[in-house]
Amino acid sequence: MVSPFRICAPAVRFCQKLNRLKTLEDDMMETSLKRCLSTVDLALLGVGGMVGSGLYVLTGTVAKDTAGPAVVISFLIAGIASLMAALCYAEFGARVPKTGSAYMFTYVSVGEIWAFLIGWNVVLEYMIGGAAVARAWSGYLDSIFNHTIKNFTETHIVHWNVPFIAHYPDLLAAGILLVATCFISFGAKVSSWLNHIFSAISMAVIVFILIFGFILAEPANWSKKEGGFAPFGISGIMAGTATCFYAFVGFDVIAASSEEAKNPQKAIPIATAVSLVLAASAYILVSMVLTLMVPWHSLNADSALSDAFYRRGYNWAGFIVAIGSICAMNTVLLSNLFSLPRIIYAMAEDGLFFQIFSRVNPVTKVPVIAIVVFGILMALLALIFDLEALVQFLSIGTLLAYTFVAASVIVLRFQPEKTSSSSTCSSGTNPEATTSESHPSAQDSGELKEYESFSDKLQLVEIQKKAKERKEPGQLKAAFEPYLKFLSNFEPGEVVAFSVLALMVCTLCLCAVLVFGNSHLDLPIWSFSMLVIIFGLGFLTSLALIWVHEPQHNTKTFQVPLVPLIPGLSILLNVFLMLKLSPMTWIRFSVWLAVGLVVYFGYGIWHSKENLRESKPRDVCARYVVLPSGSLVETVQAVQPEPQEPSRQISPSEEERGKR
């Protein structure tokens, strides 16, 4: 009879392959790319990724249709919510200064297949996002010239009437993407300087809007006569928050650029915080100016800012605003084209995507093949497709990436610190070395300090006591051991991993009840309340179980404060917003995931560097203890496994040599 364990063994090994983690190099700063970006460069890349067409379109749309003048509060709440996700990205970008953003962070802490799916969705997000901005850019420029380009194309070139296909090929949008692709391929520094120019013009226009707009402001536009400050109430403010949240999704370009940062440990957190504060301030102040200049219910949703100046009689100001909006859209285009090839490069470098995309140009130090190929694909999307139906598809990939990054922060924070093989497999240790490690001065000098005075002996006892109390990351804190003794039997980090999984499940169930409980499921009040309480308690219990374990105390790089609370709240918000998306978005998302799984199982799982690394023979560390008379000596040796030979007993002569 065949053992069930032997039958299940291949399935277990297959699951281990899917969830294997990326092995990081000892030198995290080593890269084939060029580290040339400063903190200012990264901050302006982040601002360019966030402050784009949304500032000139989204503010007017949300103010008119969703929140009224209370759009100011919506942007404030959305900015705070985005900060929770941004802090998680900042910690990973500082600790793992490698390109790949959410893909890399998931690969390091969660597993290979999850990392591939996150990267696969981020690729689509950047492609559709860049194409959509290019079409918005061409439409805005065309509107300045009274739609001359559109009319000429439909009349003299071609006009289509096909579903999901644009009515005419947008040659201008495709052209600007190809030009931007050329500039991006010249190198990270050229891209950064180009972004500096457009960002400087955009920020100068924003300052002009604020100064001139506050001069023209009329507080009566917030009065009850015009509908009041919050005409749609709290529900309108929260609905506006869900829309405004997507205005801040561009900050992940900073994490994607971490492998090209000069000093990522400091630059990534600072640039993330500065860019998010600047973007949130711009959105809040501009929406305040807009709703004070003209009544919120009379706004033109398509071009609210320029139209507001036109209506106040300042046509020249409206033209300046139009120039600022075009420059802002250029920064978003550059941000998308800058990040996309680097995600592709990271996946190809790890063997999960086609190796040709991992080639780096020796002169410009950028993945030129990835830039050119995906720049052309993005231009084709902008040329052919009507992207209005696909724009909502962007948000689901972004929110999924945010969710996994927040979960990865918790997992990585409570993982035991990995020691290198050199430290694990040493030639031997002696009592003097062990004793010297417990005291800094002895360790530095390499000699055993003599403790003669009573105060020195007390100091030594105190140091040894603290060393015993200091727990390994992932273990139960000493203060909770008397009350949660049963958790001490698990491996370090094991309870935290299960708690994170429980946290995700409880979050999904809680948000599903909140979103669908009253509308689709028609639950009675007692059932709805009971389910909310049960899953809410499960969410809080999972956070508590994580919190009672010892985290890593790493002071060298930035760390998210209040872990696991902030990542947990970020997961809750992201899942809630994902469930608010339309069913059609989920269908498209499922189809794209299915295509990704075909690519992974057809290519990635076999060519993965981790798969190749697993097939190589490894050294094994054998540990044995020699007990001479009256002393304890621990010896560690690195040996190669030889299963054919029986294990050899330690002879008395060897024991005597160990004693000497």
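How many of the 35 residues of α14 are buried? In this predicted model, the count is 29, and the helix is accordingly described as mostly covered. The protein chain contains 26 helices and 2 strands, and 49% of its 660 residues count as buried. Among contacts in the protein chain with a separation of 6 or more, 81% join residues 24 or more positions apart.

**Nonpolar core**

- The largest nonpolar core comprises 159 residues, and Y56, F75, Y89, F248 and F353 have the most contacts inside it.
- Helix α14 supplies the largest share of this core, with 17 residues.
- At least three residues of the core come from each of domain 1 (36-415 + 557-606) and domain 2 (470-551).
- Leaving aside residues up to four places away in sequence, Y89 touches S101, A102, F105, F251, D252, A255, A401, Y402 and V405.

**Helix α14 and the residues after it**

- The 35 residues of α14 should span 51 Å at 1.5 Å a residue, and the end C-alpha atoms are 52 Å apart, which agrees.
- Just after α14, G351 adopts a positive phi of about 85°.
- K365 is located in the loop between α14 and α15 (368-384). Its phi is near 60°, a positive value in a residue other than glycine.
- K365 counts as partly exposed, at 33% relative accessibility.

**Aromatic pairs and cluster**

- The structure holds 32 aromatic pairs. In one of them, the ring centres of W120 and W592 are 4.6 Å apart with the planes at 15°; because planes under 30 degrees apart count as stacked, this pair is stacked.
- W120 belongs to helix α6 (residues 112-144) and W592 to helix α24 (residues 583-607), so their pairing ties together parts that are 472 residues apart in sequence.
- W120 is buried, with a relative accessibility of 9%, whereas W592 is partly exposed, with a relative accessible area of 21%.
- The rings of F212 and W316 have centres 5.6 Å apart and planes at 35°, so this pair is tilted.
- F212 is in helix α9 (residues 188-215) and W316 in helix α14 (residues 315-349); the pair therefore ties together parts that are 104 residues apart in sequence.
- F212 is buried at a relative accessible area of 14%, while W316 is partly exposed at 48%.
- One aromatic cluster is formed by F14, F116, W120, F353, F354, F357, F374, W592, Y600, F601 and Y603. Both W120 and W592 of the stacked pair are members of this cluster.

**Charges over rings**

- The charged end of R342 sits over the ring of F338, at 3.7 Å from the ring centre.
- The charged end of K477 sits over the ring of W547, at 4.8 Å from the ring centre.

**Backbone features in other loops**

- A cis peptide bond links V563 to P564, with omega near 10°. P564 lies in the loop between α22 (525-547) and α23 (565-579).
- S101 is not a glycine, yet has a positive phi of about 55°. This residue is placed in the loop between α4 (71-95) and α5 (102-109).
- S101 is buried, at 2% relative accessibility, and is one of the residues that Y89 touches.

Conventions:
Residues are numbered from 1 along each chain as its sequence is written. This is a predicted model: local features need pLDDT of at least 70, side-chain atom pairs count only at pLDDT 80 or more; totals for chains, interfaces and linings use all residues. Side-chain values use heavy atoms; hydrogens and water are left out. Rings of Phe, Tyr and Trp (its six-membered ring) pair if their centres lie within 6.5 Å; planes under 30 degrees apart count as stacked, over 60 as edge-to-face and the rest as tilted. Helices (H or I, at least four residues) and strands (E, at least two) are DSSP runs, numbered from the N terminus. Buried means under 20% relative accessible area, exposed over 50%, partly exposed in between (1.4 Å probe, protein chains only). A charge sits over a ring if NZ of Lys or CZ of Arg is within 6 Å of the ring centre and within 35 degrees of the ring normal. A nonpolar core is a set of buried Ala, Val, Leu, Ile, Met, Phe, Trp, Tyr and Cys residues joined through side-chain atoms within 4.5 Å. Domain bounds come from an automatic or database domain assignment. Contact means heavy atoms within 4.5 Å. The expected span of a helix is 1.5 Å times one less than its number of residues.
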